[in-house]
Amino acid sequence: MKSRDQEYRELFMAEALEYYDSMSRHLSELERNPNAGPALNELFRLMHNLKANARAMGFNDLGEVAHHLETLFGLIRDQERTFSGPLTRVVFAGVDALGNMIRAVGADQPLPDATALLDNLDRLVRGEEPILDAEEEAESEEESNKKMELSDLVYIQVKKLDNLLNLVGELVIDRDRIMTLAQELDNPALLATAQHLFRISDDLQYSVMDARLVGVGVLLNKFPRVVRDVATAENKEVELTLSGQDVQIDRNILQIITDALLHLVRNAVSHGLETTEQRLAAGKPAIGKLNLSALTERDDVLIQVRDDGRGINTEAVRRKAVERGLVSANTAATLDEKAVWAFLFEPGFSMAQKVTDISGRGVGLDVVKLALDSLGGQLRVESELGVGTTFTLVLPTSIAVKGALLVEVEERPYAVPLLHTDTVLSLHPGQISVVGGVLVTYFQEQSVPLVPLRQLLYDEGDGPLPFATRDDITGPQQVLVVNYNNRRLGLVVDRFIRQQNIVIKPLSKPLDTIDLFGGVTLLGSGQVCLVLDVPALTRLFLNKRP
């Protein structure tokens with residue numbers, strides 16, 4: 001795997017060579033027409049960007065040459081200097097020098113000495129004549145005889161990668177069908193070809209997915225300014241720590257969770273962390289700590305927002321949920337703290353005491369839940385009153401190919417994304433109770449309601465589910481325990497088929513309006529298989545439970 005320094009160097013090289021090519025083109029245009037305003041503006045911009053990038057990478061001499069040329073182009077643009085005579089030769093020599101320096105960076109060699117060039121550029125900025133000698137003229141001519149070079153990196157529009165990944169998805173679906181057919185026909189030659197196709201398409205699929213990966217740092221590194229601005233507005237002192245910027249994730253996933261992460265960070269500073277006075281009174285350090293980190297867990301990427309603030313006041317949230325009519329007082333009293341915390345992500349729910357530009361408008365944390373639902377992700381919340389809170393976004397590495405568990409209900413297969421599955425259970429009747437008309441089992445010291453998946457999928461109308469009785473429990477029950485928003489639900493199915501990777505395709509109109517399904521996939525047999533939307537199933541159960 002490439003180091004971060006190597007990856008950044010390659011990205012710098014790709015941009016710098018593009019800048020260099022553009023500079024040469026605009027210089028030629030400027031030489032033909034010294035009053036070409038657009039060319040001057042573009043040269044000024046290119047020098048400014050190259051200067052900033054070079055200094056950020058530690059290539060200070062390269063940055064200095066770009067800085068001097070930027071200053072000179074500014075003077076030409078302001079008509080304080082004229083692009084003619086010796087100035088023209090020095091500028092061309094300066095751009096040639098930049099090209100040599102960029103190539104030296106690519107070859108990991110020391111940068112050529114630019115002392116004489118910088119001296120001449122200084123002279124031109126001061127309005128003095130440059131000192132040109134024969135050696136410099138010869139170097140300039142030598143430069144024009146060098147071979148042209150192209151960067152070994154290319155920029156690709158994300159939509160082109162999206163299209164490529166969709167095509168690969170279609171290929172994977174047909175590949176699985178061919179493999180199944182080859183196994184059924186038991187033809188050795190066909191089976192060998194199918195196995196080779198399987199390996200090649202697998203490699204192609206992961207190569208395309210790899211091309212879409214970016215470091216989480218491209219998003220995390222934008223947050224120091226956000227935290228500073230919110231802390232200033234809230235009159236708080238906050239120390240932000242970033243980690244895990246090298247963790248790789250699909251670029252589209254990062255785009256989708258940008259707003260969600262922004263809300264979590266703003267929420268942590270606004271709601272989570274106390275003012276300096278409050279922290280000192282509570283015996284805490286004056287400066288609040290906020291940690292924004294990324295890490296991997298199996299096939300998932302975890303992005304965590306952790307603060308050492310006041311923590312979630314569970315009882316206050318419980319009271320607010322009852323006040324808002326989200327739950328009855330009797331039911332609220334029976335909920336554990338994680339079930340109570342889930343109300344924070346209901347639309348319009350806010351614990352803010354006053355409305356500010358940062359918080360209290362009832363908009364925010366529900367955005368987090370919606371973003372995660374669209375990705376098939378999960379949210380974990382950990383909090384301790386007076387100690388702090390951690391929000392963890394559990395994200396798939398890729399949105400094209402997902403691990404899924406295939407289950408069967410009334411002879412039809414359904415796929416359940418693994419990200420929302422906790423475990424599978426085979427329960428005998430003695431392990432199941434009936435509480436308030438709902439089937440319940442106890443798993444890992446937690447009460448888990450059970451519901452036949454058939455009822456959620458096939459029972460029509462908005463009325464409540466039928467009251468469950470002991471008569472509904474006959475023989476062993478196959479249960480898939482799913483988890484959404486810290487709520488567990490046991491889905492009773494007819495049987496488990498197998499676990500496999502699937503390519504999810506969106507449902508076409510008008511089926512795309514059915515909330516219970518997150519898409520469709522084709523199995524190796526050619527059979528259409530609907531992908532279940534666990535968040536929608538959980539919400540349906542909560543709305544229809546007797």
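Among contacts in the protein between residues at least 6 apart in sequence, 68% join residues at least 24 apart, a contact being heavy atoms within 4.5 Å. The structure is a predicted model, in which local features need pLDDT of at least 70 and side-chain atom pairs count only at pLDDT 80 or more, while totals for chains, interfaces and linings use all residues. Residues are numbered from 1 along each chain as its sequence is written, and side-chain values use heavy atoms, with hydrogens and water left out.

The secondary structure consists of 18 helices and 18 strands. Both are DSSP runs numbered from the N terminus, with helices (H or I) having at least four residues and strands (E) at least two. The C-alpha trace spans about 100 × 80 × 40 Å along its principal axes. The radius of gyration of the protein is 31 Å, whereas a compact globule of 546 residues would have one near 24 Å. This radius is taken over C-alpha atoms, and the globule rule is 2.2 Å times the number of residues to the power 0.38.

Of the 546 residues, 45% count as buried. Buried means under 20% relative accessible area, exposed means over 50%, and partly exposed lies in between (1.4 Å probe, protein chains only). The protein exposes about 28500 Å², and carbon and sulfur atoms supply 50% of this area. Accessible areas come from the Shrake-Rupley method with a 1.4 Å probe; for residues, only the protein chains shown count as cover.

Two aromatic pairs are present in the structure. Rings of Phe, Tyr and Trp (its six-membered ring) pair if their centres lie within 6.5 Å; planes under 30 degrees apart count as stacked, over 60 as edge-to-face and the rest as tilted. Phenylalanine 12 and phenylalanine 59 form a tilted pair, at 5.2 Å centre to centre and with 50° between the planes. Phenylalanine 12 belongs to helix α1 (residues 4–32) and phenylalanine 59 to the loop between α2 (37–57) and α3 (60–77), so the pair ties together parts that are 47 residues apart in sequence. Phenylalanine 12 counts as buried because its relative accessibility is 4%. Phenylalanine 59 is also buried, with a relative accessible area of 12%.

Phenylalanine 345 and phenylalanine 391 form an edge-to-face pair, with 6.0 Å from centre to centre and 80° between the planes. This pair links distant parts of the chain, 46 residues apart: phenylalanine 345 is in the loop between α15 (337–341) and α16 (365–375), and phenylalanine 391 is in strand β7 (residues 388–396). Both phenylalanine 345 and phenylalanine 391 are buried.

Backbone angles were also examined. Most residues other than glycine have a negative phi. Aspartate 186 has a positive phi, near 55°, and is placed in the loop between α7 (158–185) and α8 (188–211). Aspartate 186 is exposed, with a relative accessible area of 61%. Glutamate 410 has a positive phi as well, near 50°. Glutamate 410 lies in the loop between β8 (401–409) and β9 (412–417) and is partly exposed, at a relative accessible area of 45%.

Spatial relations were examined for three further residues. Glutamine 499 is part of strand β16 (residues 495–503) and counts as exposed because its relative accessibility is 56%. Its C-alpha atom is separated by 7.3 Å from that of glycine 403, 96 residues away along the chain. Apart from neighbours within four places in sequence, glutamine 499 is in contact with Ala404, Leu405 and Leu418.

Leucine 242 lies in strand β2 (residues 238–243) and counts as partly exposed at 23% relative accessibility. Leucine 242 and leucine 290 are 48 residues apart in sequence, with a C-alpha to C-alpha distance of 8.8 Å. Leaving aside neighbours within four places in sequence, the contacts of leucine 242 are Leu220, Asn221, Pro224 and Leu292. Arginine 319 is found in helix α13 (residues 314–323) and is exposed, with 56% relative accessibility. Arginine 319 and alanine 329 are ten residues apart in sequence, and their C-alpha atoms are 8.2 Å apart in space.
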